[in-house]
Amino acid sequence: MSRFAITCLLAAAMPFGNLQAAEDAPQAAPPEFKMTPIGYVKKTDDRATIVLDKKYQDGLLGLDQWSHVQVIWWFDRNDTPQRRAILQVRPRGNPQNPLTGVFACRAPVRPNLIALTLCKLLSVKDNVVEVESIDAFDGTPVLDLKPFAPGVDAASGVKVPHWAGPPQ
Ligand SMILES: C[S@@+](CC[C@H](N)C(=O)[O-])C[C@H]1O[C@@H](n2cnc3c(N)ncnc32)[C@H](O)[C@@H]1O
């Protein structure tokens, strides 16, 4: 039997590869992904905007046709190894709330400091996106913008833990 045929037979017998061997293998260094801010949050007393680097301005074409935008940003004020190692918190900083995993709440500490805020879009002009409000501090780095698409982003039969209050 040719080497090719043997390989095919082995592949058919183990369609997902040799899982046990993969689990036992020494862990390779995890991949790292390169990201740079596309812009920054700029807040004044009466205005909240996301000011994009001019080189990304073309990416805003059509955004003004949507009512809401999801802003993906970085909890940069918490970017320390200690804060990135925190895996459980009392949500909302309330000691009355149950100890909760960071993947089960919206805590600003987590291994990857990714934040997501749904914002009402007020205007898009040149490289500036004005939103009604955003819970990010002035100067916060913004990683991405995505329009809120109700067909994709909404859910029915929503359930939330008691500390999070009634579904809104
Ligand atoms: C509870 S987090 C939720 C953020 C986002 N809506 C989410 O769900 O991912 C919002 C809080 O993060 C904090 N925050 C805002 N900007 C931040 C920044 N650049 N770095 C660290 N914390 C920040 C503020 O205290 C703000 O009230």
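Buried residues make up 14% of the 168 residues in this protein. A residue is called buried if 20 or more other C-beta atoms lie within 10 Å of its own, exposed if 12 or fewer do, and partly exposed in between, with the C-beta atoms placed from the backbone. The model is predicted: local features need pLDDT of at least 70, side-chain atom pairs count only at pLDDT 80 or more, and totals for chains, interfaces and linings use all residues. Residues are numbered from 1 along each chain as its sequence is written.

The term pLDDT stands for the predictor's confidence in each residue, from 0 to 100. The protein averages 89, and 86% of the residues score at least 70. Over residues 1-16, pLDDT stays under 50, and the model has 1 contact beyond four places in sequence for them. Two residues are in contact if their C-beta atoms, placed from the backbone, lie within 7 Å. Where pLDDT is low, the predicted coordinates should not be read in detail.

Next come the elements. The protein has 4 helices and 8 strands. Helices (H or I, at least four residues) and strands (E, at least two) are DSSP runs, numbered from the N terminus. From that end on, their order is α-α-β-β-β-α-β-β-β-β-β-α. Among contacts with a separation of 6 or more, 65% are between residues 24 or more positions apart.

How do the strands meet? Two strands pair if DSSP finds at least two bridges between them. Strand 1 (residues 39-44) pairs with strand 2 (residues 47-52) in the antiparallel sense over 6 bridges, and the two form a hairpin with 2 residues between them. Strand 1 also pairs with strand 8 in the antiparallel sense, over 2 bridges. Gly-39 can be found in both pairings: Gly-39 stands opposite Leu-52 in strand 2 and opposite Val-142 in strand 8.

Strand 6 is another element with two pairings to follow. With strand 3, strand 6 pairs in the antiparallel sense over 7 bridges, and Trp-73 stands opposite Ala-115 in strand 6. Strand 6 is joined to strand 7 by 4 bridges, and these two run antiparallel. There, Val-124 has Val-129 in strand 7 as its bridge partner. Strands 6 and 7 form a hairpin with 2 residues between them, and Asp-126 in the turn has a positive phi of about 50°. Asp-126 has this positive value although it is not a glycine. Asp-126 counts as exposed because it has 10 C-beta neighbours inside 10 Å.

A positive phi also occurs at Arg-92, a residue other than glycine, where the value is near 60°. Arg-92 is placed in the loop between strand 4 (88-89) and strand 5 (100-101). Arg-92 counts as partly exposed because it has 13 C-beta neighbours inside 10 Å.

Now to the interior. A nonpolar core is a set of buried Ala, Val, Leu, Ile, Met, Phe, Trp, Tyr and Cys residues joined through C-beta atoms within 7 Å. The largest such core has 18 residues, of which Ile-50, Val-71, Val-131 and Ile-134 touch the most other members. Strand 2, strand 3 (68-74), strand 6 (114-125), strand 7 and strand 8 each supply at least two residues of this core. Leaving aside neighbours within four places in sequence, Ile-134 is in contact with Val-41, Ala-48, Val-71, Thr-117 and Cys-119. In soluble globular proteins, nonpolar side chains tend to be buried together.

Leu-60 lies in the loop between strand 2 and strand 3. Leu-60 counts as partly exposed because it has 19 C-beta neighbours inside 10 Å. Not counting residues up to four places away in sequence, Leu-60 touches Leu-52, Val-124 and Val-129. The C-alpha atoms of Leu-60 and Lys-125 are separated by 9.0 Å, and the two residues are 65 residues apart along the chain.

Last, the ligand. A shell of 13 residues surrounds the ligand, and the closest are Phe-75, Arg-77, Arg-106, Ala-115 and Thr-140. A residue is near a molecule if its C-beta atom, placed from the backbone, lies within 6 Å of it. The shell divides into 6 nonpolar, 3 polar and 4 charged residues. Here Ala, Val, Leu, Ile, Met, Phe, Trp, Tyr, Cys and Pro count as nonpolar, Asp, Glu, Lys and Arg as charged, and the others, Gly among them, as polar.
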